[in-house]
Amino acid sequence: MSGEMARIAQLRMQGFHCSQILILLGLEKQGKENPDLVRSMTGLAGGLGFSGKNCGALTGAACLLALYAGRGVVEEQEDYKLNSMIQDVVQWFEVSFGEQYGGIDCCHILNDDPWNRMIRCPNLVVETYLKVEELLKDNGFIPNSETDNTLS
């Protein structure tokens, strides 16, 4: 997990938000770059445009799952496992963080304390990323060998 923490810390210091960090990690795992996609993830930051609504790590996780299982061109089909994986990550997030912080919105997680962004969010992003990787592995989107050296 230390590799993920270091990379997430680096991306945070570069000014990226939780949702952007998750998609950047996924793109890096695929050996891709997509600045337009990363830029679009800004809309999820801070709980949907810093409105304090659904956590950007959670919505970013849904987007990361869709990066692997969604449809991107006319010739593709969305994988039938996508919505199930998203439901799994939402359920996991609600139990893991929603119960702990009183909800899954940024305003609950941060509890109106800007320092909580520094204290709570890094671990939340790491744990969410690891859960997404687990779902992708369990559903055959990434081989087991790829997760053995996660972002090292």
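Predicted model: local features only at pLDDT ≥ 70, side-chain atom pairs only at ≥ 80, totals over all residues.

Residues are numbered from 1 along each chain as its sequence is written, and side-chain values use heavy atoms, with hydrogens and water left out.

Two packed helices are described by the angle between their axes and the distance between the axes. Helix 5 (residues 82-101) packs against helix 8 (residues 121-138) at an angle of about 155°, and their axes are 10 Å apart; helices here are DSSP runs of H or I with at least four residues, numbered from the N terminus, and the axes are lines fitted to C-alpha atoms over the stretch in contact, with angles running from 0 to 180 degrees between N-to-C directions. The angle makes helix 5 roughly antiparallel to helix 8, a term that applies to angles over 145 degrees. The contact (heavy atoms within 4.5 Å) is made from helix 5 by M85, D88, V89, W92, F93, F97 and Y101, and from helix 8 by L124, E127, T128, K131, V132, L135 and L136. These residues divide into 10 nonpolar, 1 polar and 3 charged, where Ala, Val, Leu, Ile, Met, Phe, Trp, Tyr, Cys and Pro count as nonpolar, Asp, Glu, Lys and Arg as charged, and the others, Gly among them, as polar.

A search of the whole structure finds 3 aromatic pairs, that is, rings of Phe, Tyr and Trp (its six-membered ring) with centres within 6.5 Å, counted as stacked with planes under 30 degrees apart, edge-to-face over 60 and tilted for the rest. In one of them, the rings of W92 and F93 have centres 6.3 Å apart and planes at 65°, so this pair is edge-to-face. W92 also forms an edge-to-face pair with F97, at 5.6 Å centre to centre and 85° between the planes. F93 is buried, with a relative accessible area of 0%, and F97 is buried at 6%; buried means under 20%, exposed over 50% and partly exposed in between, with a 1.4 Å probe and protein chains only.

Where does F50 lie? F50 is found in the loop between helix 3 (35-40) and helix 4 (56-69), where its phi is near 55°, a positive value in a residue other than glycine. F50 is partly exposed, with a relative accessible area of 46%. D112, in the loop between helix 6 (106-110) and helix 7 (115-119), has a positive phi of about 55° although it is not a glycine, and D112 is exposed, with a relative accessible area of 74%.

Conventions
Helix = DSSP H or I, 4+ residues; strand = E, 2+ residues; numbered from the N terminus. Parallel < 35°, antiparallel > 145°, perpendicular 65-115°, else oblique.
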